[in-house]
Each structure stands twice: as structure tokens, then as C-alpha cells.
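Let's walk through this structure together, one chain at a time. Have the sequence and the 3D view open side by side as you read.

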Amino acid sequence: MSITAEELDAKIKEQLKEDYYQTIIEDTSNGCGLNFECIVISDIFKGMTKLARARFINKMLKDELEIIHAFSSKSYTIEEWSNKRV
Amino acid sequence: MPLFEITSNKQFTELSSANPSTLKTLFFYADWAHNCAQAIENYKKTSEQYPENEFFSIDAEANPEISEIFDISAVPYYIFIKESSIIKELSSADPQEFLNTYKQVIASQSASDNKSTSKSSDDEEEEETEEQLNERLKQLTAAAPVMLFMKGTPSEPKCGFSRQMVGILREHQVRFGFFDILKDDTVRQGLKKFSDWPTFPQLYINGELVGGLDIIKESLEEDPEFFTQSLAN
């Protein structure tokens, strides 16, 4: 069983609802669907520590993470993300 | 023979070559690692339980030459010697693991000594309750100011993420204790729940989960003094 980046994005969108801003999800497995790098941008992260943010993402993708072998995530608020891109 | 503290190379050479047929244990520790205090207490108790065997303790940093002979890169570290050869090595911050290993070593030795009617004694292992496990995890995660729960050991990581984490810690000259979760599935599964964190490596500073590789890398990008800062808090 494999998972696609689109599925992960859909799952995040479904749970963040109006807080969903953008995700950048990259399948780094060369197609086996078990390695992902994931960036989630949402203001829901405001005031959260890195640990809390990562736990939040892990929770949203709980079922998927049981199958995914390697997963790395980064999270930004909209402001942090725009500063990062400047 | 009671527990003996080795303080010089000369002493070490004399003592380690005397009575070759006796099972000897070397225990390497460091003053700065407070997980060692607990381990040494436990080690002393074991030495009293087995007065027929020899027990030595060595301050790994005060005796760099001895540490180098055995390539000690982490403490506490145990080496079991008989007939001038190393029969087993153990790197663990968990006193219970030492005791279990010690019993195994003795069992395997007596088995090879009389080769006949030895009965295995593995039915004495007790099930750990969830409470006991959580208590053990609490102690383990706080066993050193910086504790790394990883796959494999620092000298032989069994996963790329664990390897990178060890690299980062070394690069920043952070002293750390570690636990090889591949050796203990109870800890491996228990810790995921205990810390609400699904993956390894996991890095703990002063008993608190700081994060996995991503968080540590990111924190260091933002603040190169991240480790110094966190340890001071």
C-alpha cells in the first residue's frame, strides 16, 4: 500500500479547514510512496513550539505515518513563510 | 572480592592479568554524567551479590589510555572479561539491562564450564506493568543531561537519521548518553506513547523531549548556540 503527496495534502486540508494556507509535499522515495518531506504553512501554528507543531502534524497524519517509512515535516505561519522567502 | 576502583595504567595491567579464570567486569563511568551515579550504585550491589567474581570501576576521562584500549565512546560502559578475552560488552544507561546481561554472561559461562546439566533460568523474567515502564522511561530519558534514543549505537548507527543526529551532537561537542531502542522493543514502543512522538531518533535535554532530527536541525539553524541555551535552562 502506498500513499501519494496528494492524499497527504487532502488529509491536511480536511483537518485544517479555514486555517489551511499551503502545503508543499515532496515524495522523496522515487515512487515507492513511503518517504515524504512535508511543509505545512498555516496560522494555526502561531504561538506553538516546534515540538507542538510537529506533534500537531503527526496527529493529523496519524494513520498515514504508520505506513510511511521516513517522514520529515516543517511548519511555518504565513508570516514566517513570507519572511523566509524574502 | 569487593568492587575496586582502578586509578592507573599500571594497576590496570596488574589486576586485569591476575586470576585469568575469574570473571572480571570493567565499568567505565564519568563524573559529569549523573546517570552514572545510579549505575555505580547498582554495580556495587551486583558486586556484593557475586563476591566470587571481580568488579572494577574506571573513571573513563581520568584514564584516557585505558578508555582508548577499549575504544570507549559513551558511558556507562561495561566490559566482561574472562581468560584474558572480552566475552561481552554493553553500553547502557539502564541498570536493569546491566544486571540482565550480567546474569546471561554468568549463565553462559557456567554452561560452558560444566557443559552438562545446566538449566536455563529465563523463566524468572517478570512482566513489567505500564506504571513500571513509565517510571523506567522517566528515569531513562533523564539519565543524562542530553539523552539520545537512537537506532543502533553512536559508533554504529543503524539508520541514517540516527547517524545524522550523532554527527550533529559530535560536531557541537555535546556530551550525551544514548539508548539503542533496537535492543529493547518495550522501550521503543513505550517511548512513542510516553512522549507522543512516533519516530526515532528522539533527543531529550534535561529529561524533556526536544525533538527529532528536523527540529534539532532547524533549531540550530536559527540559533547556533541552541544546545548551550537549552542545557542552561
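Where in chain A is the place of Y21(A)? Y21(A) sits in the loop between α1 (5–16) and β1 (22–27) of chain A. Before going on, a word on conventions: residues are numbered from 1 along each chain as its sequence is written, and chains are lettered from A and ligands numbered from 1 in the order in which they are written. This is a predicted model, in which local features need pLDDT of at least 70, side-chain atom pairs count only at pLDDT 80 or more, and totals for chains, interfaces and linings use all residues. Helices (H or I, at least four residues) and strands (E, at least two) are DSSP runs, numbered from the N terminus.

Back to Y21(A): it is partly exposed, because 16 other C-beta atoms lie within 10 Å. The scale behind that word calls a residue buried at 20 or more other C-beta atoms within 10 Å of its own, exposed at 12 or fewer, and partly exposed in between, with C-beta atoms placed from the backbone. Leaving aside neighbours within four places in sequence, Y21(A) is in contact (C-beta atoms, placed from the backbone, within 7 Å) with I41(A), S42(A), D43(A) and I78(A). V40(A) is 19 residues from Y21(A) in sequence, and their C-alpha atoms are 8.1 Å apart.

A10(A), in helix α1 of chain A, counts as exposed because it has 12 C-beta neighbours inside 10 Å. Its C-alpha atom is 9.9 Å from that of T23(A), 13 residues away in sequence.

Now take chain A as a whole. Its four helices and three strands follow the pattern α-β-β-α-α-β-α along the sequence. Of its 86 residues, 21% count as buried.

Chain B has nine helices and 11 strands, and buried residues make up 33% of its 233 residues. Among its contacts with a separation of 6 or more, 67% are between residues 24 or more positions apart.

A nonpolar core is a set of buried Ala, Val, Leu, Ile, Met, Phe, Trp, Tyr and Cys residues joined through C-beta atoms within 7 Å. The largest one here has 64 residues, and F28(B), V75(B), M147(B) and L148(B) have the most contacts inside it. Strand β6 (residues 146–150) of chain B supplies the largest share, five residues. V75(B) touches F28(B), Y29(B), A30(B), A33(B), C36(B) and A60(B), not counting residues up to four places away in sequence.

Next, look at two helices of chain B. The axes of α5 (residues 130–141) and α7 (residues 185–194) of chain B come within 10 Å and cross at roughly 85 degrees; axes are lines fitted to C-alpha atoms, for helices over the stretch in contact, and angles run from 0 to 180 degrees between N-to-C directions. α5(B) and α7(B) are therefore roughly perpendicular to each other, a label for 65 to 115 degrees, while angles under 35 count as roughly parallel, over 145 as roughly antiparallel and the rest as oblique.

Finally, see where the chains meet. The contact takes eight residues from chain B and nine residues from chain A. On the side of chain B that touches chain A, α8(B) gives the most, with four residues.

Note on methods. Contact = placed C-beta atoms within 7 Å.
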